[in-house]
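Trainee: Before we turn to any single residue, could you show me how to read a model of this kind, one feature at a time?

Mentor: Gladly; ask about a feature, and I will give the general idea and then the case at hand.

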Amino acid sequence: MQLGFIVNADSDLRDSVNFAVEQKIGFMELQFDWKEDAPPNLDAGRIRDALRGTTVGIAACGLWWLNTMSADKAEFERNDKIVREFIDMTAAVGGRVVFLNAGEYKADDTDANIAKLKETWPRYRDYATQKGLIIACYLSHKGNFINSPEILERVLREIPDFNIKVDPVGVIRNMKADPYEVIQRFGHRIVHFHMKDIYKGVDGFEIEPPVGMGQLRWNEIMGMLYHHAYNGFIIIEPHAAMWGVGENRFRHVVLSKQYIEGFLL
């Protein structure tokens, strides 16, 4: 397993690259948020310029919120073009993994959504493979029909080569599921992994501290990843109000790295 951390693609990339060099972290993941009024900048040259002269690499590029299964023909064709351009860009910057939203074709209709996914997944899988990339889908979040372990089980039964990106906190918050169970049952299809921690107290108190400072049992999580022969990236994700902004993002990465390195060979 190799360690990296998430960087917003619209941020000062050179600042993050310098931090990675300083901390001896070999990889970054770039997060691209799709917004109708402000589409992400897919300029590969800007990213390559930020990396130039260093040994820092791009572990993955993630495209968030774009519906890859829109029922509207014009929207689907537009989004299909964006996905292909995104895959092209990821390959151009030397990325290893590209991940997308599974999307939603028809709200609350699992049968229709799985049928549509069986059409869209092979087209993107084949295109990414041609570019030398591993492709995955992230789970749940708004606009993603894979929002429960039961639906994920059906998807994997009907699309056996479907790959997933897993974030234990995301499983708790967005799937309302047990992350240990999800990793135990579906670890053989995990090709990319995010880590942040969570602490839930009384009266709705909830924080997302650095890894090892919350309630997740990382010894069990890492043990299951090793059991499933996971050999991909472990990506630290600074998140939420305190740790997701400013210099605290870097502090989160440093503290998380210190904790998780004890589980890495």
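This is a predicted model: local features need pLDDT of at least 70, side-chain atom pairs count only at pLDDT 80 or more; totals for chains, interfaces and linings use all residues.

Trainee: Is His252 buried or exposed?

Mentor: The general idea is to look at relative accessible area, where under 20% is called buried and over 50% exposed. His252 has a relative accessible area of 0%, and it is therefore buried.

Trainee: Which residues does His252 touch, once residues up to four places away in sequence are not counted?

Mentor: His252 touches Glu208, Pro209 and Pro210, and also Ile236, Glu237, Pro238 and Trp243.

Trainee: What does the reading look like for Val166 in terms of place and burial?

Mentor: Val166 belongs to strand S6, residues 164–166, and with a relative accessible area of 1% it is buried. Leaving out residues up to four places away in sequence, Val166 touches Leu139, Val171, Ile183, Ile190, His192, Phe193 and His194. Separation in sequence and separation in space should be read as two separate numbers: Val166 and Asp108 are 58 residues apart in sequence and 22 Å apart in space, C-alpha to C-alpha.

Trainee: Where does Phe162 lie, and what is its relative accessible area?

Mentor: Phe162 lies in the loop between helix H5 (149–158) and S6, yet its relative accessible area is 0%, so Phe162 is buried. Between Phe162 and Arg189 there are 27 residues in sequence and 7.0 Å in space, taken from C-alpha to C-alpha. Setting aside neighbours within four places in sequence, the contacts of Phe162 include Leu117, Trp121, Cys137 and Ile146, together with Val155, Leu156 and Arg189.

Trainee: Which members of the largest nonpolar core touch the most other members?

Mentor: The general idea is that in soluble globular proteins nonpolar side chains tend to be buried together. Here the largest nonpolar core has 80 residues, of which Leu30, Phe162, Phe193, Leu225 and Ile234 touch the most other members. Apart from that core lies another, of twelve residues, including Ile6, Trp64, Phe233 and Ile235.

Trainee: Which loops hold Lys24 and Asp203, and what is the phi of each?

Mentor: Lys24 has a phi near 55°, a positive value in a residue other than glycine, and its place is in the loop between helix H1 (13–22) and strand S2 (27–33). Because its relative accessibility is 74%, Lys24 counts as exposed. Asp203 likewise has a phi near 55°, positive in a residue other than glycine, and is found in the loop between strand S8 (199–200) and strand S9 (206–207). The relative accessible area of Asp203 is 82%, so this residue is exposed.

Trainee: How many helices and strands does the protein chain have, and what is its radius of gyration?

Mentor: The protein chain has ten helices and ten strands. A compact globule of 265 residues would have a radius of gyration near 18 Å, and because the protein chain has 18 Å, the two agree. Along the principal axes, the C-alpha atoms fill a box of roughly 45 × 45 × 35 Å.

Trainee: What can be said of burial, contacts, surface and charge over the protein chain?

Mentor: Of its 265 residues, 53% count as buried. Among contacts between residues at least 6 apart in sequence, 73% join residues at least 24 apart. The protein chain exposes about 12,000 Å², and carbon and sulfur atoms supply 50% of that area. As for charge, the mean positions of the 31 positive and 37 negative charges are 3 Å apart.

Technical notes:
Residues are numbered from 1 along each chain as its sequence is written. Side-chain values use heavy atoms; hydrogens and water are left out. Helices (H or I, at least four residues) and strands (E, at least two) are DSSP runs, numbered from the N terminus. The radius of gyration is taken over C-alpha atoms; the globule rule is 2.2 Å times the number of residues to the power 0.38. Buried means under 20% relative accessible area, exposed over 50%, partly exposed in between (1.4 Å probe, protein chains only). Contact means heavy atoms within 4.5 Å. Accessible areas come from the Shrake-Rupley method with a 1.4 Å probe; for residues, only the protein chains shown count as cover. Lys and Arg count as positive and Asp and Glu as negative; His and the chain ends are not counted. The place of a charge is taken as NZ of Lys, CZ of Arg, CG of Asp or CD of Glu. A nonpolar core is a set of buried Ala, Val, Leu, Ile, Met, Phe, Trp, Tyr and Cys residues joined through side-chain atoms within 4.5 Å.
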